[in-house]
Amino acid sequence: MTGKIKGTGSYRPVQVWDNDNLSHMMDTSDEWIRGRTGIRQRHIAGQEETVAYMAARAAEKALTDAGMWPEQIDLILVSTMSAERIMPCTACEVQKLIGAVNATCFDLNGACTGFLLALNTAQAYLGQQIYHRALVIGAEALSHLTNWQDRSTCVLFGDGAGAVILENEESAVYIQATHSMGNGGESLTCASRNRPEFTETRADLSSTYMQMDGKEVFKFAVSKVPEVILEVLEKAGKTKEEIRYYMLHQANQRIVSSVAKHMKEPLEKFPMNIENLGNTSSASIPLLLDEWNKKGELKAGDWVVLSGFGGGLTYGASLLQW
Ligand code: ACO
């Protein structure tokens with residue numbers, strides 16, 4: 001017994017900043033950003049568009065897609081590292097906003113691998129038949145964690161949320177592989193502001209924004225992502241030819257292209273929407289899934305690989321049948 005995806009939903013903040021907007025704020029250009037990352041624009045959350053608000057809007061759309069009522073959900077997991085409040089957790093706020101009164105709710109932070117880790121956690125509960133229907137959400141307001149003075153990072157990120165509904169099914173398939181490399185963690189960091197030195201001495205806040213050694217992260221991603229995808233295929237006894245889509249965390253178009261090349265797979269099997277959304281961390285995979293689902297590109301029986309990678313360092317891949 002395992003969970004099958006019954007519905008997807010997403011939320012994109014109203015405000016859109018394109019590369020030209022950024023080039024008026026700092027020394028950058030559309031040509032540089034597009035050429036290095038593939039990003040053309042990103043959505044930026046307004047004051048009312050909190051992480052919980054975006055997550056709840058995505059959840060409502062996923063429920064509609066699944067044809068389910070909020071009361072039918074018995075587990076809500078939210079993957080986020082950018083929520084405005086530590087307590088109550090975002091999942092409980094979503095519960096309140098959508099009226100999913102019967103759900104058990106908690107958050108999980110696995111940086112850009114977070115959605116995949118949340119999906120794995122939900123599947124573990126469903127597999128044990130502890131819960132039967134789960135709402136799994138990736139939601140981020142990365143613009144809160146972005147240093148708008150640092151052109152090497154701020155041009156990369158965007159805000160948004162994506163959600164999926166899982167329901168237990170006898171014939172569903174879900175195979176996963178994940179890894180963590182704590183020793184490499186310093187290449188992607190963001191300190192908490194919840195420390196005495198920040199409040200007492202008004203110390204330099206720069207470490208409380210995302211900091212990245214871009215080249216190290218790039219090398220990590222292009223070597224480990226193909227490895228873990230092949231690992232999950234081997235576990236499942238599937239060949240590359242059987243896979244309809246590889247849906248990767250949307251960190252950078254060049255990372256996705258490089259993974260396709262390493263795997264000797266056609267780029268058409270690697271859907272991308274980073275051009276319009278930027279890197280939305282744990283929201284990127286469910287945002288992509290929802291877009292492809294709503295476009296009717298996913299057919300019943302299709303084999304799909306999801307792969308996340310990022311801060312920690314962490315990475316993983318999961319195989320599922322649509
Ligand atoms: N606009 C114009 N010039 C810039 C900008 C900018 N926004 N940012 C940096 N530059 C300049 C640098 O100052 C440098 O100039 P110099 O040669 O005069 O010193 C030059 O561009 C090259 O800078 P690099 O940092 O070497 O650029 P690189 O080719 O490595 O590209 C990038 C940077 C896009 C971040 C790349 O390293 C990358 O894609 N890394 C992958 C990491 C990633 O995607 N992280 C996302 C978050 S992690 C995650 O989601 C898992």
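A polar contact here is a pair of N or O atoms within 3.5 Å; inside the protein, one must be able to donate a hydrogen and the other to accept it, and sequence neighbours count only through two side-chain atoms. This is a predicted model, where local features need pLDDT of at least 70, side-chain atom pairs count only at pLDDT 80 or more, and totals for chains, interfaces and linings use all residues. Residues are numbered from 1 along each chain as its sequence is written, and side-chain values use heavy atoms, with hydrogens and water left out.

- A251 uses a backbone N or O atom, 3.5 Å from a ligand oxygen.
- R36 puts a polar side-chain atom 2.5 Å from an oxygen atom of the ligand.
- For H249, a polar side-chain atom sits 2.7 Å from a ligand oxygen.
- The protein covers 74% of the 1000 Å² of accessible area that the ligand has on its own (Shrake-Rupley method, 1.4 Å probe).

**The shell around the ligand**
- T28, R36, K215, N252 and N279 come nearest, out of 24 residues around the ligand (an atom within 4 Å makes a residue near, heavy atoms only).
- By type, the shell splits into 11 nonpolar, eight polar and five charged residues (charged is Asp, Glu, Lys and Arg; nonpolar is Ala, Val, Leu, Ile, Met, Phe, Trp, Tyr, Cys and Pro; the others, Gly among them, are polar).
- Helix α8 gives the largest share, four residues (helices are DSSP runs of H or I, at least four residues; strands are runs of E, at least two; both are numbered from the N terminus).
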